[in-house]
Amino acid sequence: MKPQSTLKSIHLPDGRVITIETGLMARQADGAVLVSMGDTRLLATVVSAKEAKEDGDFMPLTVDYQEKFASTGKIPGSFQRREGRLSDYEVLISRLIDRALRPLFPEDYHADTQVQVTLFSSDAEILPDALAGLAASAALAVSNVPFNGPISEVRVARIDGEFVINPSRSALEMADMDLMVAATLENVMMVEGEAKECSEQDLAQAILVAHNAIKDQCRVQLELRAAVGATPRAYLHERSDDKLRHAVESFCYDKVYNVAKSGAPKHERSAGFRQVLEDFIASLGEGAEVDKFLVKKYFHDVEYSAMRNMILDEERRLDGRRLDEVRPIWCEAGFLPATHGSALFTRGETQSLTSVTLGSKEDEQMIDGAVISGYNNFLLHYNFPSFSTGETRPNRGPGRREVGHGNLAMRALKQVLPPQEECPYTIRIVSDILESNGSSSMATVCAGTLALMDAGIQIKGPVSGIAMGLITDGDRFKVLSDILGDEDHLGDMDFKLTGTSKGITACQMDIKIDGLPYEVLLKALTQASAGRAHILGEMNKALSQPREDYRPHVPRITQITIDREFIGAIIGPGGKIIQEIQRETASTISIEEKGEQGIVQIYTADKAGMDKAVARIRGIAAKPEMGAVYSGKVKSIMPFGAFVEFMPGKDGLLHISEIRWERIETMDGVFTEGQEIQVKLVEVDPKTGKFRLSAKALLPRPEGMPERGPRPDRGPRPDRGPRPERGPRPEGGESRAEQQDGTEGDA
């Protein structure tokens, strides 16, 4: 018997419908919903532990988004032929959901909580990432897990000058802005996306359009919650000691405030804070029982209050800067001589060493996902080793943070890359963070720009990036430019913006409080624009435009467009021809079919080899031109003439009458097979496509030899009646036409 369920619908402006259904599936989870749109089906579940672990001071939230290969009718390509660890694409969507949900759980709720969103059916034209946040929030809404939502996420794209909510996959390809926005009914919580150098005003307008759509989705979730009668569970996950809290505040606040005002570097400042804490514990007396967990918790609260009050009251920051001041910058392009391109970028106590490597089409990344598959020729990898913050931890490979930061920098730089036709390389950028005290992803963008220009990539314009922060207290707020790590940790916002002098190329905003007023958003965008311009000016001192050419040791790549019909001739039977060219020219050759054309890429470190490979391929793919002169090779000799290969793979008949002006009675001794001769293409049979060649056309006419004029018109042939039957031809006999034309030799 089918279980009873509750269903609500959301109507998008273009008439499409999203449904949310609960009570039908995964009923042992604390909350579960099935979100549907077209043929897409997403199941979202939430489970939270009944109790928190002892002395927890944060919420252990895990968010996983996964796409089942069966959702698109695929079998996984892995060795096990089953879904494995999350792909980078799935990790990025998991992060989008996590960053929107996390700030809205109560600060004193510390139970292990897991949110899982699974794509079980996928519509080819519906992008599931735009529905994942809605599904996760709806699952929380129908559960008893304490949550100050609901929220929803939508994609907003600008297509032909109009903002569209959750556009189709094909329509998104024409967009010049692509943003994911998360919000509650009242406030924006998260923004991430890319644009083709849009203005600050356009970005703000896109966020407003998205928020209006989100409000409707939040109201439907509240209706669903009321329909199922969900109420938050009771919990007590924190213990307190008011007397101890007061003692920590009284002893530590002024001392912490003074350390914060000192403007000391990161490690000195941290040491000063630790000393204050140790002095407080010592003040309790030797042998006194100390609840270290609560002391550290209350001391952190003191740090939080002191830093924020200093900024709000004095407009003074931890390192002594003004609110809109960017840290000192120094950078150098071409720092690593053996790489194809490199740069070292330092801003304050954050430093990125970035390299660029240029490869062939064979180096492209193959993407084999449930929904997304294909090839990627622009890669950006971000590494964050423990020594960058003076810490020790095992190196377990890139985590979700590294994947997210690298993706943001990649989206920022990809907007300024030249077209594939102008730069056919596969490009890999690697950013190694050597120091970190905030904004390391923005340092990656700046270093990546310099490294690309150092490599000779003709980008449309340099890109700089800045991270903006926010401190709020009721009606008061202060926007901070180029935030430190502590200002990120103790502040209310991390808003990263990248762009050229013409406009914004990417953004990422996370709000740690309950939303961001529009007034604050505009202030942050305006202040960020000035900061980006300053950083760009400092970068220009190192390198202001791309180098005119690639470095000498950079392998060269040439791209040739040919007619599709010649692809087979270049490859040859069993790949014989292309392998021969690669072997003889020490090159790597790849061929891709695009419509009626073939795209041939030749990649080699040797210019002579490149020239030879290009000549071979152009020769194979060239079309014969009437009247053109060719250097041909005699392939075979017949009684009526010779077949000459005048272009790779193309033979033509050089008739015995076209060899010399003098009459030749026999082909004996005229040519030898393999002999090279000059010929002229004089005719292409329109029916058979056969080629007729002439050698005598290249020779001077003997003196006194009359030119043969056109045959006089003899008028219509009189009707002679039917031709008499001649009977069978004697075996082995040839017609005169066959003797002269050699039709048995197909050119």
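Visitor: How many salt bridges does the count come to here?

Guide: The model is predicted, so to speak for local features we ask for pLDDT of at least 70, and side-chain atom pairs count only at pLDDT 80 or more, while totals for chains, interfaces and linings use all residues. Residues are numbered from 1 along each chain as its sequence is written, and side-chain values use heavy atoms, with hydrogens and water left out. A salt bridge is a side-chain nitrogen of Lys or Arg within 4 Å of a carboxyl oxygen of Asp or Glu. By this rule the count comes to 50.

Visitor: Arg99 and Glu192 form a salt bridge; how many residues apart are they in sequence?

Guide: The closest N and O atoms of Arg99 and Glu192 are 2.7 Å apart. Arg99 sits in helix H1 and Glu192 in strand E10 (residues 188–198), so this pair ties together parts separated in sequence by 93 residues. Helices (H or I, at least four residues) and strands (E, at least two) are DSSP runs, numbered from the N terminus. The separation, then, is 93 residues.

Visitor: Is Glu192 buried or exposed?

Guide: Buried means under 20% relative accessible area, exposed over 50%, and partly exposed in between (1.4 Å probe, protein chains only). Glu192 has 6% relative accessibility, so Glu192 counts as buried.

Visitor: Which residues are linked with Arg99 in a network of salt bridges?

Guide: Arg99 itself counts as buried, at 11% relative accessibility. The network joins Arg99 to Glu192, Glu194, Arg411, Lys414 and Asp510.

Visitor: Which residue meets Lys53 in a salt bridge?

Guide: The N to O distance for this pair is 3.8 Å. Lys53 is in the loop between E4 and strand E5 (61–67), and its partner is in the loop between H1 and E6, 59 residues apart. Lys53 is exposed, with a relative accessible area of 62%. Its partner in the salt bridge is Asp112.

Visitor: How many residues of strand E3 are buried?

Guide: Strand E3 spans residues 31–37. Both faces are covered, with Gly31, Val33, Val35 and Met37 buried on one side and Ala32, Leu34 and Ser36 buried on the other.

Visitor: What is the bridge partner of Val33 in E4?

Guide: Two strands pair if DSSP finds at least two bridges between them. E3 and strand E4 (residues 40–48) run antiparallel and are joined by 7 bridges. In E4, the partner of Val33 is Ala44.
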